[in-house]
Every structure is written in structure tokens, then in C-alpha cells.
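Thanks for coming. I will take one chain today and walk through how it is put together. Please have the sequence and the structure open.

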Amino acid sequence: MKDKILILLKENRDGFISGEKISDKFGVSRSAIWKYMNTLKEEGYEIESIPRKGYRLISSPDTLTYGEVEEYLETKFIGRKIYYFDTIDSTNIKAKELAYKEDEGTLVIAEEQTLGRGRLGRTWISPKKKGIWMSIILKPSIDPMKVAKITQIGAAAIALALEDLGIEAFIKWPNDIVMNGKKVCGILTEMSCELNMINYVIMGVGINVNLGSEDFSGEVSNVGTSLKIQSGKVIDRKKLLGLFLNRFEELYIPFVGKDDFFETLKVCREKSILIGKEVRIIRGKDEEKGKVLGINDDGELIIDYGNGKIENVLSGEVSV
Ligand code: BTN
């Protein structure tokens with residue numbers, strides 16, 4: 001109900017909407033409406049209320065609730081339900097708890113994570129209201145072997161959403177988004193499956209949106225950066241989130257529906273920062289040098305080791 005009232009307030013931004021009108025429309029009492037207005041105010045909405053005129057929305061807070069993101073969404077099911085937390089340990093942990101009972105496309109999002117996790121057991125800094133820290137619950141009916149491609153769909157969707165905002169970023173295969181060689185976004189995909197059936201996939205995405213240099217201390221400052229630092233401007237988190245979810249669904253539907261990975265591949269190739277570069281392929285303690293020839297139709301990295309050996313790499317840690 002609260003979200004419905006908010007949408008109505010947003011549709012009537014230019015004028016007042018009376019309590020009576022809201023009450024007739026939704027069949028709730030005037031006093032219930034008054035309570036919803038107070039809850040919205042507590043959440044940071046500035047609402048003017050004048051006796052006999054009604055309510056008017058003056059400003060909205062910078063929060064990633066469904067009520068705030070909805071106006072940017074063009075999706076059918078991705079992000080159509082959002083679990084929103086002010087603070088949480090990790091959105092991936094929460095998404096795993098919810099995965100069995102929730103529908104595909106449900107999002108877990110938090111303004112801050114106290115135990116944000118990155119790949120290979122690393123920690124992921126997630127300061128309050130400065131980034132987009134989220135996990136999407138997915139239930140694709142595909143071969144579990146193909147799940148790595150969902151991460152690439154995520155990376156392509158981020159690159160496209162940033163392009164929509166006029167920001168040029170690159171993909172460091174398979175799932176990092178970089179600007180000037182430093183990471184602005186990472187993806188941590190986890191899954192629960194049986195031999196040939198997926199129970200669920202959790203795609204955790206961390207976008208360093210408006211972090212400042214003070215947020216990157218020590219070692220992290222050499223590898224991490226933010227969109228704000230790189231572009232020199234504060235980025236609208238709600239809009240970016242909406243754009244990303246739209247782009248993700250656009251690429252995800254053809255992939256799960258008809259195994260069509262074409263558009264994702266195109267973006268991953270065009271935006272690749274590795275193709276043509278000499279790289280180090282890291283597997284545990286072992287490291288090998290090679291040149292990246294390209295990305296094959298399965299999304300694997302084609303590496304030429306220079307000794308006659310050419311290999312397709314499915315996943316792993318690659319360093320420039
Ligand atoms: C990486 O190491 O590059 C992956 C980083 C993934 C971070 C995101 S933030 C939201 C979600 N929750 C987590 O704990 N991790 C992912």
C-alpha cells in the first residue's frame with residue numbers, strides 16, 4: 001500500500017492530492033493514509049500536507065527501494081520485487097536464504113554491507129549509500145555448465161548501462177568492469193544445483209558508484225576506483241540500477257529461452273580490455289603467461305601461450 005501511495009504522489013508531483021481521493025482509490029481510511037505518510041517521511045520523503053488541500057511530494061531520498069527504482073524499470077520480472085535493507089551482512093547471503101521461496105528476478109539490495117564478499121574469498125568494501133550492492137535470484141532451466149555465461153551477461157549489462165549514462169567502461173573478462181585499469185564493479189555468481197538441474201543462481205553485483213578516494217585505503221586503492229572518481233561527477237544510483245536491470249533482462253531472456261548469447265558476446269568482445277594483450281593466467285599458486293587472442297562463441301578466453309599451445313579458458317583469474 002505504501003508503495004502504491006508513493007507512486008500516486010509521484011504522478012501528482014505538480015499539485016496536491018487529497019486524502020479523500022487516495023482513500024477512495026485504495027479503499028483505506030484517512031487515518032491509515034496519514035500513518036503511511038508518516039512512514040514515508042521517516043524514510044526520508046519530504047511531503048507537504050495542507051488541510052483541505054491534501055498531500056504533495058516535495059523530494060525523495062537517495063534510496064534504492066522499489067518505490068524509487070520503479071520509475072526507471074522496463075523489465076517484466078527482473079527487479080519487480082525488491083528486498084531492501086539499510087544494512088546487512090551480505091546481500092548474497094540473504095538472497096541464498098530467500099532463493100527457494102522467491103520467484104526468479106527477485107532482488108536483494110542493501111545500502112551498506114558489513115560482510116560484503118568478493119571472489120576468491122576476498123572482502124568487498126560496501127560503504128553506506130555510496131554504491132549499488134545487490135543480488136539477483138535467478139532460476140534458469142539451463143545446463144549448470146552454462147552458468148558462467150550469466151556472469152558475462154551481467155558484465156555486458158553493466159557496460160551497456162554505463163554507456164547509456166555516457167560513461168565508457170571496459171570488461172576485464174570474465175566479470176570485472178574497469179575504468180583506467182581499475183575496478184568499478186565486480187560480480188560474484190553462486191549457485192545451488194544437482195547433477196543437471198539448477199535450483200537457483202545468485203548473481204551478486206557490486207558497483208562502486210559514488211565512493212570517494214577516502215573509501216579506498218591501502219592495497220585496495222591500487223586496484224579499485226569508483227564511477228564518481230573516474231567521471232568526476234556524482235552518479236544517480238537509482239537510474240543506473242534501473243538501466244542495469246533493463247539491460248540485464250534484455251540479454252538474459254534470449255539466453256535462457258533459446259540459448260542466444262550473441263548480443264552478450266558482441267558486447268563482451270567490443271568492450272574487452274584483454275583482447276590482444278599479454279596476460280598472466282593465475283590458477284591457485286600457478287601462473288602462466290600468454291596472449292589473449294579473443295573470446296570464443298562459448299564466452300571462453302582464447303589464450304596463445306606462444307609455444308604452439310592455444311587454450312580456451314572457461315573461468316579464472318587473469319591479470320594484465
Ligand atoms: C568480485 O570479487 O569482483 C565480486 C564482488 C561482488 C560484490 C557484490 S556486492 C553485492 C553482493 N554481495 C556480496 O557480498 N558480494 C556481492
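I will start with one residue. Leaving aside neighbours within four places in sequence, Ser90 is in contact with Gln113, Leu115, Gly116 and Arg117. Contact here means that the C-beta atoms of two residues, placed from the backbone, lie within 7 Å. Ser90 itself sits in the loop between strand 3 and helix 5 (91–98). Helices (H or I, at least four residues) and strands (E, at least two) are DSSP runs, numbered from the N terminus.

Before going on, two remarks on the source. This is a predicted model, in which local features need pLDDT of at least 70, side-chain atom pairs count only at pLDDT 80 or more, and totals for chains, interfaces and linings use all residues. Residues are numbered from 1 along each chain as its sequence is written.

Is Ser90 buried or exposed? Ser90 has 22 other C-beta atoms within 10 Å, so Ser90 is buried. The cut-offs are as follows: 20 or more other C-beta atoms within 10 Å of a residue's own is buried, 12 or fewer is exposed, and in between is partly exposed, with C-beta atoms placed from the backbone.

UniProt, in an unreviewed entry, gives the feature "binding site" at Ser90, Thr91, Asn92, Gln113, Arg117, Gly118, Arg119 and Lys183. UniProt positions are given in the numbering used here, feature names are shortened, and annotations may be inferred rather than shown by experiment. Arg119 is partly exposed, because 16 other C-beta atoms lie within 10 Å. Not counting residues up to four places away in sequence, Arg119 touches Gly186 and Leu188.

Now the division of the chain. The protein is split into domain 1 (2–59), domain 2 (66–270) and domain 3 (278–319); these bounds come from an automatic or database domain assignment. The unreviewed UniProt entry has the annotation "domain: BPL/LPL catalytic" over residues 67–256. That stretch is 30% helix and 24% strand, with its end C-alpha atoms 28 Å apart. The entry, again unreviewed, also lists a "DNA-binding region" at residues 19–38. This span is 85% helix and 0% strand, and its end C-alpha atoms lie 13 Å apart.

Seven strands form an open sheet in the order 3-4-5-9-8-7-6, with mixed pairing. Two strands pair if DSSP finds at least two bridges between them. At the edges are strand 3 (82–85) and strand 6 (170–172), each pairing on one side only. Strand 3 pairs with strand 4 in the parallel sense over four bridges, and Phe85 has Ala110 in strand 4 as its bridge partner. Strand 5 (residues 132–138) and strand 9 (residues 197–207) run antiparallel and are joined by seven bridges. In that pair, Ile132 stands opposite Ile207.

Strand 4 (residues 107–110) is covered on both faces: Leu107 and Ile109 on one side, and Val108 and Ala110 on the other, are all buried.

That leads to the cores. A nonpolar core is a set of buried Ala, Val, Leu, Ile, Met, Phe, Trp, Tyr and Cys residues joined through C-beta atoms within 7 Å. The largest one has 62 residues, and those with the most contacts inside it are Ala156, Ala157, Ile158, Ala159, Ile177 and Phe244. Helix 6 (residues 148–164) gives the largest share, ten residues. Ile177, leaving aside neighbours within four places in sequence, is in contact with Ala155, Ile158, Ala159, Ala169, Ile171, Val184 and Cys185. A second, separate core has nine residues, including Leu6, Leu9, Ile33 and Met37.

For the boundary between domain 2 and domain 3, nine residues of domain 2 are in contact with seven residues of domain 3. On the domain 2 side, helix 6 and helix 10 (262–270) are the elements that give two or more residues. The C-alpha centres of these two domains lie 24 Å apart.

Last, Leu227, in helix 8 (residues 227–231). Leu227 counts as buried, with 27 C-beta neighbours inside 10 Å. Leu227 touches Ile167, Val184, Asn208, Val209 and Ile235, not counting residues up to four places away in sequence.
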